[in-house]
Amino acid sequence: MKRLMKALSVMLALALLLAGCGGSGTSSSSAAASGGDSSAASGADTLQAIKDRGVLRVGVKDDVPGFGLYNTETQAYEGLEIELAKMIAGDLLGDESKVEFTAVTAATRGQLVDSGDIDMAISTFTITEERKQSYNFSTAYYTDAVTVMVKKDAGINTLADLDGKTVGVATSSTSSTALTAAVQAEKPDAQVEYKEFASYPEIKAALDSGRIDAFCVDGSILAGYMDDTVMLLADRFSPQEYGVCIKKSNTDLAEYVDGLITGWLEDGTIDGLIEELGLVASFEG
């Protein structure tokens with residue numbers, strides 16, 4: 001009998017121990033779930049985090065005249081997207097100087113948004129359905145179109161003339177896809193080769209030296225690289241809408257910025273900046 005009672009006591013103790021472990025597991029799962037909610041909440045508290053930090057971190061281009069250009073003489077950034085970044089900082093932090101610029105390229109801007117190194121990218125970032133799956137984009141503040149720059153003496157006058165030619169494009173840009181479709185619409189069997197470069201000045205230098213036959217990107221960007229030796233083809237295709245890019249989880253910041261951009265479009269502020277900076281007219285069809 002004593003042995004039976006002892007066995008029952010051991011079994012009862014084991015049952016209680018297992019129940020306790022089960023309880024701890026449930027508690028841990030709840031904590032993990034809570035942690036997930038907390039992480040989501042932190043994504044929704046981006047505005048406060050920026051206010052606490054006291055500076056807005058923005059990724060911008062440093063080689064696109066009229067949009068984002070680092071002026072080596074003044075040692076300052078200038079352009080439409082620089083002004084928009086300053087205006088956002090002014091509204092959010094009460095001081096347009098409370099903005100920290102980071103130079104980005106088409107290849108690095110998304111990575112820096114994802115990593116949290118920058119709060120947003122205002123960098124001639126074209127809005128596409130595919131990109132909207134990964135990022136939040138504001139309403140478009142500028143609409144452009146893709147076109148092509150060639151040397152005046154190259155004998156290239158139409159898109160069909162690009163058949164068999166080598167075209168320079170920016171790494172990770174959408175220009176090559178747009179150009180291939182446009183060229184093949186003119187000449188279905190046409191074949192265009194592409195060479196990718198990290199920056200626009202590198203593409204222009206390659207065109208000048210004859211290493212490529214053409215330079216393809218949005219027309220307003222090409223306008224900043226015009227000189228007496230080159231020309232733009234008349235064809236303008238594949239509308240490109242530029243939006244402010246923000247991390248997918250940072251919904252409060254995205255909604256806030258979209259509200260600002262929408263307001264500045266409605267009251268003419270952005271159109272005024274475009275006119276003041278002498279930018280190429282937006283794509284109209």
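Predicted model: local features only at pLDDT ≥ 70, side-chain atom pairs only at ≥ 80, totals over all residues.
Residues are numbered from 1 along each chain as its sequence is written. Local features were taken at pLDDT of at least 70 and side-chain atom pairs at pLDDT 80 or more, while totals for chains, interfaces and linings use all residues, and side-chain values rest on heavy atoms, without hydrogens or water.

Helix α3 spans residues 80-93; helices (H or I, at least four residues) and strands (E, at least two) are DSSP runs, numbered from the N terminus. From first to last C-alpha, the 14 residues of α3 reach 20 Å, close to the 20 Å expected, the expected span being 1.5 Å times one less than the number of residues. Because 10 of these 14 residues are buried, α3 is largely enclosed by the rest of the structure. Here, buried means under 20% relative accessible area, exposed over 50% and partly exposed in between, for a 1.4 Å probe and protein chains only. Among the buried residues are L80, E81, I82 and L84. Just after the helix, G94 adopts a positive phi of about 80°.

Turning to strand β8 (residues 142-151), we find D144, which is buried with a relative accessible area of 0%. The D144 side chain makes a polar contact with the side chain of S220 at 2.3 Å (a pair of N or O atoms within 3.5 Å; within protein, one must be able to donate a hydrogen and the other to accept it, and residues adjacent in sequence count only if both atoms are side-chain atoms).
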